[in-house]
Amino acid sequence: MGSVRKASAWLGLVEDSDERYYDDEYSEGAENNDTWKTDPRVRIAAESAPEQERRIATVSPESFRDARGIGELFREGVPVILNLTAMEPADAKRVVDFAAGLIFGLRGSIDRVATRVFLLTPADTEIVSGESQTHQRDGFFNQS
């Protein structure tokens with residue numbers, strides 16, 4: 001296609017009939033029954049992963065009477081986030097004491113996440129913090 005014809009096509013004065021810019025594979029009307037191809041390094045699962053018990057319970061008890069539900073969840077092996085911010089301080093202390101006995105009896109652990117918010121984890125659960133192990137041992141400002 002000459003330069004005058006290209007300029008005319010660009011201005012819309014003539015129809016652009018130069019097909020060399022189009023790939024036949026992607027042109028309209030091309031039938032392609034192949035499935036999408038992916039990078040050979042990417043593995044696509046034929047079916048979903050096996051269903052595993054991956055649950056975390058969030059419990060905001062209103063009174064000490066709700067402690068039984070916390071204990072039942074924890075006995076099933078479910079990590080529990082215990083939010084005591086809405087409770088009276090005396091009842092919250094009783095729930096924390098109950099949780100401490102629960103994790104002691106079932107060999108779990110309890111971690112304070114925030115003020116009056118605790119994480120109860122079963123024995124087979126590992127808690128990973130956002131900091132690397134080297135930073136925890138040898139901090140930047142550690143002068144010892």
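**Exercise 1. Is Glu76 buried or exposed, and which residue does Glu76 form a salt bridge with?**

*Step 1.* Start with the surface. Glu76 has a relative accessible area of 55%. Buried means under 20%, exposed over 50%, and partly exposed in between (1.4 Å probe, protein chains only). So Glu76 is exposed.

*Step 2.* Now look for the partner. A salt bridge needs a side-chain nitrogen of Lys or Arg within 4 Å of a carboxyl oxygen of Asp or Glu. Glu76 has one with Arg55, where the closest N and O atoms are 3.2 Å apart.

*Step 3.* Helices (H or I, at least four residues) and strands (E, at least two) are DSSP runs, numbered from the N terminus.

*Step 4.* Check Arg55 too: at 41%, Arg55 is partly exposed.

A quick note on the model: it is predicted, so local features need pLDDT of at least 70 and side-chain atom pairs pLDDT 80 or more, while totals for chains, interfaces and linings use all residues. Residues are numbered from 1 along each chain as its sequence is written, and side-chain values use heavy atoms, leaving out hydrogens and water.

**Exercise 2. How many residues apart are Glu72 and Arg68 in helix α2?**

*Step 1.* Their side chains meet in a salt bridge, 2.9 Å from N to O.

*Step 2.* They sit 4 residues apart, which means about one helical turn separates them.

*Step 3.* Compare their surfaces: Glu72 is partly exposed at 31%, whereas Arg68 is exposed at 63%.

**Exercise 3. Which helix holds both Lys93 and Asp97?**

*Step 1.* Lys93 and Asp97 form a salt bridge, with closest N and O atoms 3.6 Å apart.

*Step 2.* Both lie in helix α3 (residues 89-105), 4 residues apart, or about one turn.

*Step 3.* Lys93 is exposed at 54%, and Asp97 is partly exposed at 46%. By the salt-bridge rule, the count comes to 3.

**Exercise 4. Where is Thr121 found, and which side chain does the side chain of Thr121 make a polar contact with?**

*Step 1.* Thr121 is in strand β4, and is buried at 2% relative accessibility.

*Step 2.* A polar contact is a pair of N or O atoms within 3.5 Å; within protein, one must be able to donate a hydrogen and the other to accept it, and residues adjacent in sequence count only if both atoms are side-chain atoms. The Thr121 side chain makes one with the side chain of Ser109, at 2.5 Å.
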